[in-house]
Each structure stands twice: as C-alpha cells, then as structure tokens.
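Please look at the sequence and the model below, and then follow the text through a few of the helices, one step at a time.

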Amino acid sequence: MSLLPELRYPSVPELVAFSRALAAGWPGLCTLRQVGVSREGRPLQLLSVGHARRSVLVVAGAHANEPTGGSTLLVLAERIVQERELRDDTSWHFLLCADPDGASLHVTPAPRSLLDYHLGFYRPAGPEQPEWSPSVLPPDRLPPETRALTGVIDELRPYLQVTLHGTDLGGSWVQLTKDVPGLAEPFAKSAAELHIPVETGASDAAGWPASGPGVRVMPGPESGLAYPSMPDDARHSTWYHAHRYGGLTAVVEVPMWASDLVDDPAPHPAPAAAMRRLALRLRRDAMEVERVLDEALPRLHGPEGPLLRAAKWALELIPGLAADWVETPPVDTTMAYVGSVDAFGRRLPLRAAAMLLRVLQEADDSAAPRLEQLVTAWCEAFAIRFRARWVPLKDQVEHQSRTVLAAALHARDRAA
C-alpha cells in the first residue's frame, strides 16, 4: 500500500511527514535525520534508503519557485523502497528541501494559470540560493543551507548528485557537469511519450556542448561565458562539489507549462536582429517595474525583506544581460534558442514585478493595483506567445523520475 498522499506540490512539512512514515514503515532500510539548519532556524532533513557504499544524492527545493522536485522526490523514494533491484548496489539519499525558508515564501497550491503561479511567486536573490551562492559569495559568507549541502556531499561522496529543477514555461532539458553517455536516448524517449517538448536551445545552457538533444554538458573553466554579465556562474556552484570525489551532477529540468516553440531546431532567419529586439523589450519592461519601485520605495517602512531583496536583485541583472544580448554574437542561431531567450527575457522582469507586487499588497500601497495590471497583462502575453499548455503533474513527475533513474544507471556504468 502506498504511503504517498494525493499527488500535488507538497509543502516541506508534508515532505517530512511522508519521510517519517517511510522510515517508520521500513526501519531497517530507511532513516531520516537532520543535516543542518536554515538561516531562519528551519531543519534541513535527509532521507536515506539502503546501506550500499555506492550512493546517489537527490536534491529537491534548491529553487523555491520550482515545486515539482518535491513531488518527484516522494515518488522516487517510495519506488526505490519497493523495488529492491534499484537499491541492490546503491544507497539513495534525498535532501527533502535545500531551501526551506524560500519554500515557505513561494505559494504554489495548484496553479490554474501563469498568473496564479506568479501571484504567489518567490525566488531568492542569488546570494541566498543554496546552490548558486558559492558563485557570488566568498567561502566565509556562504549561507548555512549551502554548507549543509556541501557537508552532505562530503559525507556521502556520491557518484551522482541529481538536483531537481523546473521551469514555469518551456521544455525539458538536462545539464551535466560531466557527460553521461547513453542518457540522451531514454531522456528523449520519455519526453516524447509524455508529450513534453525537449528544450534544445535552453538559454540556461547557452553555448554548452550537446551530448544529445536537450542534454548539455557544462564547459570547463577555460571557456568563456555566453552572458558575461551574469554573476551566477554554474562552474562555481555546488554542482561541482561532487567532482572532488570523482562524481558528477545532473540537473533535471521539467516544465509546468509546455511550449513547442523551444523545441524547434530550424535555423532562425535573423538571430542577431531578434536578440537586439529582445534586449530592447527586456530594458523597456524592466524600466516599467523600476518606475513603480522608485515611486513606492519612500512609502515602504521597516527592514527590507526577502521579497524586496529578490525583486531588486532581478532588476539589477537586466542592464548587463540586455547588453550581452546586443554586444555578444548569438552562441546558437536556432529557432529554439531564440525562443528560449524570448521566454527568459519575459520571465525576469515579470518575476521582479510579481515579487514587488506582493510587497506592495502587504503594505496596502497605492501602486499595487497598477502593478497587478502589469503582472496580469505580462502573464497573459507570455502564455499566448508561447501557446502554453499545462503539463499534468503526474507527467512532470514521471518524466523527471525516469530521467533520474536513467542518469543513475548510466552514470554508474561510467563510474565503474
């Protein structure tokens, strides 16, 4: 009999409750323990299944606005308990939520639209993100969530770390810190069966070598960056911490809403001109949010909270990113890549506006209704432009779970 609740985006307390039940039901096989404490005092919990020396670490909740990973973690953990062959020579370890403070601020009950999703949106500023903070902070200023995550990696020495990520609208793709031969085929097969587009030109992996459609391998430190202004360099993230033990990291991305526009490998007729147009729109949209912020800021009292910090952080990234798009030749000239950049350019100011809106609504500020109109219009335009279609949660979870298991199998063969 399954211990899983009805499939939905679980809260951190629900993740902990399920893990406790699993550990109680399988006391010789499963353990749940605390491995750290967040900045606000919330515990970071690790569920372990099996006792084999070889290990896989699965991380959920590294980004508060990407809730699918929690659901995937529950399904994977129960499946591994029930299917002995998955744990015969591998122990599995699940960090239930890498950022419980962030998870407490992002509200995703059951979004019916992009607007529903953004009205409860929260994504921390870069220095407050557990996986990204090493790329923007010195070692002595890393948040406790980051230190807990790297401490778990130091203890377990996993041959594979899988971190469960997602996107609001687009396709599915995988980022690898080292190539995993053989992964691209089952990844593509799963996506096709579940009607999830493969994001072949993901802007997050711009210029990275492709191991197969939608599977990108992060370049070494000797290579340049597609967007030089961006401070969060993946090569300095916690994703590379497993390398000191001979391991690697796979980042598995799935969309909440799908768009076939990010799965088109055809050449774009004028990619440089398109990038210039997208840069102009990005600057224009950011200025609209900044005008509201500048007007409202003198009326906001008290300490600056995480929502306002995050909104300001997102806005600060935009001038440099827009300049990168204009001044740097496109690293990819496909329709899929330009579509992915288009989505990124809509996403960044929209997120800043959505978080600022929450701040203004809480303060009952007079600028809130105007900003709400802007968020509503941008969400509608985003959905229409990309022909957004909801991916059922069970399909998001199934595809992510299949990809995790395929990565574990092929990375194990690689490490053997």
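The buried residues of α10 (buried meaning under 20% relative accessible area, with a 1.4 Å probe and protein chains only) pack against α4 (114-119), β5 (160-170), α7 (271-296) and α9 (335-362), where contact means heavy atoms within 4.5 Å. Helices (H or I, at least four residues) and strands (E, at least two) are DSSP runs, numbered from the N terminus. This is a predicted model, in which local features need pLDDT of at least 70 and side-chain atom pairs count only at pLDDT 80 or more, while totals for chains, interfaces and linings use all residues. Residues are numbered from 1 along each chain as its sequence is written, and side-chain values use heavy atoms, with hydrogens and water left out.

The buried residues of α10 are A368, L371, L374, V375, W378, C379 and F382. Seen down the axis of α10, they fall within an arc of 130 degrees (taken from the directions from the helix axis to the C-beta atoms), so they line one face of the helix. On the other side of α10, Q373, E380 and I384 are exposed, that is, over 50%. Just after α10, R387 takes a positive phi of about 50 degrees.

Now turn to another pair of helices. Helix α8 (residues 306-327) packs with α9 at an angle of about 155 degrees, their axes being 8 Å apart; axes are lines fitted to C-alpha atoms over the stretch in contact, and angles run from 0 to 180 degrees between N-to-C directions. The two helices, α8 and α9, are therefore roughly antiparallel to each other, a term for angles over 145 degrees. Among the residues making this contact are L307, L308 and W325 of α8, together with V341, F344 and V359 of α9.

Technical notes. Parallel < 35°, antiparallel > 145°, perpendicular 65-115°, else oblique.
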